[in-house]
Amino acid sequence: MMLVLLALLPGIGVHLYLTGWGGVLNITIAIITAVLTETMALKLRGHAVEQSIKDFSAIVTAVLLALCLPPLLPWWLVVLATVFAILLAKHIYGGIGQNLFNPAMAGYAMVLISYPLDISSWIAMPESFTLTMTETLSVALNGGLSQSTNYDALTGATALSQLYDLKLQNIPVEQFSADIRGSFGALHSEWLNFAFLAGGALLILTRVITWHLPVSMLVGITLCHLLFGTTYPDLMFHLFSGATMLCAFFIITDPVTAPASNETRLFFGFCVGVLLYVIRTFGSYPDSAAFAVLLMNCCVPMLDRLDIALKAARPK
């Protein structure tokens, strides 16, 4: 878990550059809430607290969740998402090693469904302004802008959200390519995805994870684009937008909620990639990593049992 946190540092750095003090506040609130919730749950269950906290699993969950949340989200929504992730997606199943669903994605999906407007409000054009720490705290604590800030509006749609809106209005996306596209991927998120790709490559090189899950997921997205995609947005836009690389290298590689064998991991990752592309392109949610992961988490017990049965049936 420590190596995972170290590999996340490039992505965290780019994320904080784009989100400013709001990103710092989200990560801080999520980590504090996760540690306190984990401590309470362990004490209620009669488990040793110190050793369990030292495994850093709760902190990894908190950081992954915070990276998915908008930087000016009201503080209580960050707390709510984190408590849900630790209590109802992890400890209700028996704690680490026994949970069916990825805790970070479960917490994110819960607040996304319950508070869609808040979760879809990201900073518009982050390079054009910066909020001070005091102004950021004011927004987070008040649940919106106050007279202490110098801005009338701060939030806007992400590149994927804008792309989705253009499709609903039957407007050719080529006319707005400069508004939603960066140098090679989605505007503002391309370098964030590249940073997570670099951190994921480090995890593979250090053998913390294997290549099967991330590569198969990216292959699934690529194949779907070749079969159903159009000229624009191109494949690079899909690979370097939203939470694609974070999902591929840090979320689906969770050893608890992913299949056990390399063969089933290839199938699992491929299906996550297909679902992510299909929901993102044809569904109601612009970015669909959480739903793709949670849907495939449901299939993991079946995949593991099928793998055991097939191996037992092979002639020795």
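**Cysteines**

I looked up cysteine 68 and found it buried, because its relative accessible area is 10%, where buried means under 20%, exposed over 50% and partly exposed in between, with a 1.4 Å probe and protein chains only as cover. The model I am reading is predicted, so I note that local features need pLDDT of at least 70 and side-chain atom pairs count only at pLDDT 80 or more, while totals for chains, interfaces and linings use all residues. Residues are numbered from 1 along each chain as its sequence is written, and side-chain values use heavy atoms, with hydrogens and water left out.

I then searched for disulfides, taking a pair of cysteine sulfur atoms within 2.5 Å as the rule, and the count came to 0. Cysteine 68 is in no disulfide, and the nearest cysteine sulfur, that of cysteine 247, is 8.8 Å away. For cysteine 271 the closest cysteine sulfur belongs to cysteine 299, at 7.5 Å, which is too far for a bond; cysteine 271 is also buried, with a relative accessible area of 17%.

I take helices as DSSP runs of H or I with at least four residues and strands as runs of E with at least two, numbered from the N terminus.

**Aromatic pairs**

I next asked how the rings are arranged, pairing rings of Phe, Tyr and Trp (its six-membered ring) whose centres lie within 6.5 Å, with planes under 30 degrees apart counted as stacked, over 60 as edge-to-face and the rest as tilted. The structure holds 7 aromatic pairs.

Phenylalanine 228 lies in helix α12 (residues 212–228) and phenylalanine 282 in helix α15 (residues 262–282), so the pair ties together parts that are 54 residues apart in sequence. Phenylalanine 228 is partly exposed at 48% relative accessible area, whereas phenylalanine 282 is exposed at 54%. I recorded one aromatic cluster as well, formed by Phe184, Trp191, Phe194 and Phe240.

**Nonpolar surface**

On the surface I found a nonpolar patch of Trp21, Val24, Trp75, Trp76, Leu80, Met133, Leu137 and Leu141, with about 730 Å² of accessible area together. Patch residues have over 30% relative accessible area and no salt bridge, with like charges joined within 9 Å and nonpolar side chains (Val, Leu, Ile, Met, Phe, Trp, Tyr) within 5 Å; a salt bridge is a side-chain nitrogen of Lys or Arg within 4 Å of a carboxyl oxygen of Asp or Glu. Accessible areas come from the Shrake-Rupley method with a 1.4 Å probe, and for residues only the protein chains shown count as cover. Helices α2 (21–45), α5 (75–88) and α8 (133–142) each supply at least two residues of the patch. Leucine 80, in helix α5, counts as partly exposed because its relative accessibility is 33%.

**Whole chain**

Finally, I noted 17 helices and 2 strands in the protein chain, and that buried residues make up 50% of its 316 residues.
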